[in-house]
Amino acid sequence: MQVHELVGAVHEAAWLPWAVQYFFLIAVSATALLTALPGFLSARPGGIRAARLALMAAVTTGVAAPIALLADLHQPGRFWEFFVYTNPTSWMAWGAWIVPSYVALVLAFAWAVHRPGFHAAGARDWRFAPLYRLLALGGPGNGFAPWLGLAAGAAAAGVLAYTGMEVMVVRARPLWNTPLLPLQFAATGAVGALGLMLVLERVLCRDGGLEAQLNRRLALALAIVGALGTLWLAAGLSGLSPRHAEALASVAGFPVWQRIALWAAAAILLPFLLALAMPRRTGWITGLTAIHAAWMFRWSVFMGGQAVPKVGSGLYDALVPAGAAELAGVIGTFGLWLFLAIAYTSFIPWSDAARPAAPVRRAARPV
Amino acid sequence: MDTTRRGFLGAIGQVSIGAAASVAGADPAAAETGAPHWGMVVDLRKCIGCQACTVACIMENAVPEDAFRTHVSVYELVAEGQDPAMVMLPRLCNHCDDPPCVPVCPVGATFKAESGEVLVDASRCVGCAYCVQACPYDARFINHDTQTADKCTFCFHRTQAGLLPACVETCVGGARNFGDLNDPECEVARMLREHQVSVLRPEMHTNPNVYYIGLDEVLDGRVAGEAAYRPPFDAAPARHGEGL
Ligand code: SF4
Ligand code: SF4
C-alpha cells in the first residue's frame with residue numbers, strides 16, 4: 001500500500017538549540033569535574049596539570065550551562081516554581097534540585113582549591129589585594145576541599161544520571177528512548193571535556209607532554225563512544241533490543257540521517273587515529289574535533305529527534321537551525337563561555353592550584 | 001446521555017428544566033457515579049475533510065497561527081490494483097487515561113481532571129515543553145502568545161456550560177461524536193458497543209478516550225510514506241524571538 005500525506009500539520013521543535021547548548025555544557029562540566037578529582041584528591045603525582053585544566057573547564061561550562069537552560073524555558077521568570085511545586089515523578093523536577101547543587105558545589109570546590117592562591121594574592125602589595133583577601137575569607141587552609149570535591153563528584157554523577165534519564169524516558173521519541181542514551185551522553189560529554197582541555201592546553205600551556213597525556217585519554221574516551229555507538233547499531237540491526245530497533249527504524253532510510261551517521265563516525269574516528277598516532281602537535285585538531293563531535297551528537301539527538309514526526313509522515317525541518325535567533329542562541333552561549341574562560345584565567349591563580357593540604361593536626365600534648 | 005449534536009442538546013434541555021444550574025455532565029447516570037468520563041468517537045466514514053472543526057477550534061480557543069489543537073490529516077492510500085482512496089483522519093488530544101504527558105511535568109501544571117480531560121494550568125506552566133516531548137501524538141505545542149503548553153481541552157469551558165466541544169458542534173458530516181463514556185445510554189457508549197473501534201498508537205498503552213470507527217491500520221501510528229508539501233525552509237514563519 002502506498003501512502004501519500006496530502007494535508008498534515010508541521011510541529012516545530014519545542015526544545016530549542018538552547019537545550020542542545022545546555023546538555024552539551026552540563027555534560028562537559030560534569031565529566032570535566034570527574035576528570036579533575038583524581039588529580040586533586042589522589043597522592044599520585046603528575047595529574048595535577050591536567051586537573052587544573054579540567055577544573056577550569058568544569059567551572060566555566062558549569063556556570064554557562066544553567067543560563068542556557070533558563071533561556072530554553074518559555075517562562076523563565078517562573079523558574080522558582082520548580083522548587084515550590086516539585087513533581088517527584090518528573091526527572092526534570094529532580095534536575096531542578098541537582099543542577100544548582102552541582103554548580104554550587106563545583107564553585108565551592110574550586111574556591112577551596114584556589115584558597116591558598118587567593119590568600120597569597122591578598123598578601124601581596126598590589127591594587128587587587130583587598131579583593132583577594134575577601135575571596136580568601138581570612139586564611140589559606142583548604143583541608144576540607146576533598147570533602148567538597150567528593151560532594152561535587154556525587155552531584156556530577158547526579159547530573160549525568162538525571163540528564164540521561166530525563167531524555168531516555170521519553171517513549172514518544174524512539175531516538176531518545178534507548179537504554180544506551182545516558183551512557184552515550186556521559187561518554188560524549190567526556191570527549192567534549194577532554195577536547196576542551198586540549199584546546200585550553202594549547203592556548204595556555206603549550207606543553208607537549210600534557211598534550212600527549214590528554215590526547216591518550218581522549219583516544220580512550222573516543223574508543224568508548226565508538227564502542228557504544230557500535231553496540232547501539234548492533235542492537236538495532238539485530239533486533240535484539242526492540243527499543244534500539246525502533247530508534248534505528250525511525251531514522252533509517254532518510255538520506256540526511258545516513259549523512260549524519262557517516263559524519264559522526266568520521267568525527268570519532270579521525271581524532272581517535274590522530275590522537276593515537278601523533279599525540280603531540282595534534283592537540284588543536286583533536287581537541288576541536290572532539291568538541292565538535294560531542295556537540296553534534298547532542299544536536300543530532302535533540303534537534304534531529306524532534307524532526308521525526310510522532311504521527312505524521314516524512315521529517316520536519318528541526319535539523320537545520322531556523323534562522324538568526326536560533327544561531328544567536330548557539331553563538332551567544334559559546335560567547336558567554338569564552339567570557340567566563342577569560343575571566344577565570346585572568347582573575348584566578350589557576351596555575352598555582354595544588355593538591356589540597358592535609359588538615360593541620362594539632363600536635364599531641366605530652367601527658 | 002445522547003451525544004449526537006441534537007441529542008446532546010436535547011438532554012441538556014431536559015436537565016435544565018429540572019435544575020437551572022445543571023451542566024452537561026449532570027445526567028442521572030453521572031449523578032450516581034459522580035463525574036462523567038468524556039470521550040469522543042470519530043466515525044471516519046462520515047468525515048469529508050472539510051476542516052470546519054479545525055477552524056471552529058481555532059476560533060473558539062484563540063489558537064495561534066502556527067499551531068493546531070485539532071486538525072484533519074488527509075491521506076491518499078493506493079492499494080495494489082485498486083483506485084486511490086482519500087482518507088481523512090481528525091487528530092486531537094486523546095485525553096489519555098494513562099497520559100505520559102502528565103507525570104513528566106516538573107511543576108505539576110498538567111493534570112487529569114475528574115471528568116477525564118487532560119488540562120494545563122497555564123498560570124503554573126513554566127513552558128519547559130517536557131510534556132510536548134512526552135505526548136506520543138504530537139497533540140501538544142507551546143503557544144507563543146501565552147508561552148505555555150497548549151492543547152485540546154475537549155472545550156472544557158463549553159462542556160462546563162452544557163455545550164458540546166466546538167469541533168463536534170460544527171462537524172459537517174457528523175463524524176465527531178462526544179459524550180459521557182460512563183453512561184451506557186449515551187450515544188458514544190452505544191457506538192463503542194455496536195462498532196469495532198480503534199485508537200491511535202495502541203502500542204503506547206496510553207488508553208486514549210478518542211476512538212475511531214473505520215481507521216485503516218496503516219494510519220494508526222507514525223504514517224509511513226511521502227510527506228505533504230511543506231513550504232521551503234526560508235519561507236517558513238519565524239519561530240519566535242526569545243532571548244537570554
Ligand atoms: S494525547 Fe498527548 S497530550 Fe493528550 S493526554 Fe494523551 S499524551 Fe497527553
Ligand atoms: S510545558 Fe508546562 S505543562 Fe508542559 S511539562 Fe512543562 S510546565 Fe508542565
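A residue counts as near a molecule if one of its heavy atoms lies within 4 Å of it. By that rule, 13 residues surround ligand 1, the closest being Cys93(B), Asn94(B), Cys96(B), Cys101(B) and Cys135(B).

Some ground rules. This is a predicted model: local features need pLDDT of at least 70, side-chain atom pairs count only at pLDDT 80 or more, and totals for chains, interfaces and linings use all residues. Residues are numbered from 1 along each chain as its sequence is written, chains are lettered from A and ligands numbered from 1 in the order written, and side-chain values use heavy atoms, with hydrogens and water left out.

Next, chain B. Its secondary structure comes to 8 helices and 10 strands (DSSP runs, H or I of at least four residues for helices, E of at least two for strands, numbered from the N terminus). Of its 244 residues, 56% are buried, meaning under 20% relative accessible area, with exposed over 50% and partly exposed in between (1.4 Å probe, protein chains only). Take contacts, heavy atoms within 4.5 Å: among those in chain B between residues at least 6 apart in sequence, 59% join residues at least 24 apart.

Last, helix H9 of chain A, residues 242–251. Which of its residues are buried? They are His244(A), Ala247(A), Leu248(A), Ser250(A) and Val251(A). Seen down the axis of H9(A), they fall within an arc of 160°, so they line one face of the helix; the arc is that of the directions from the helix axis to the C-beta atoms. On the other side, Pro242(A) and Ala249(A) are exposed. The cover over the buried residues includes helices H8 (208–238) and H10 (255–277) of chain A. Just after H9(A), Gly253(A) has a positive phi of about 95°.
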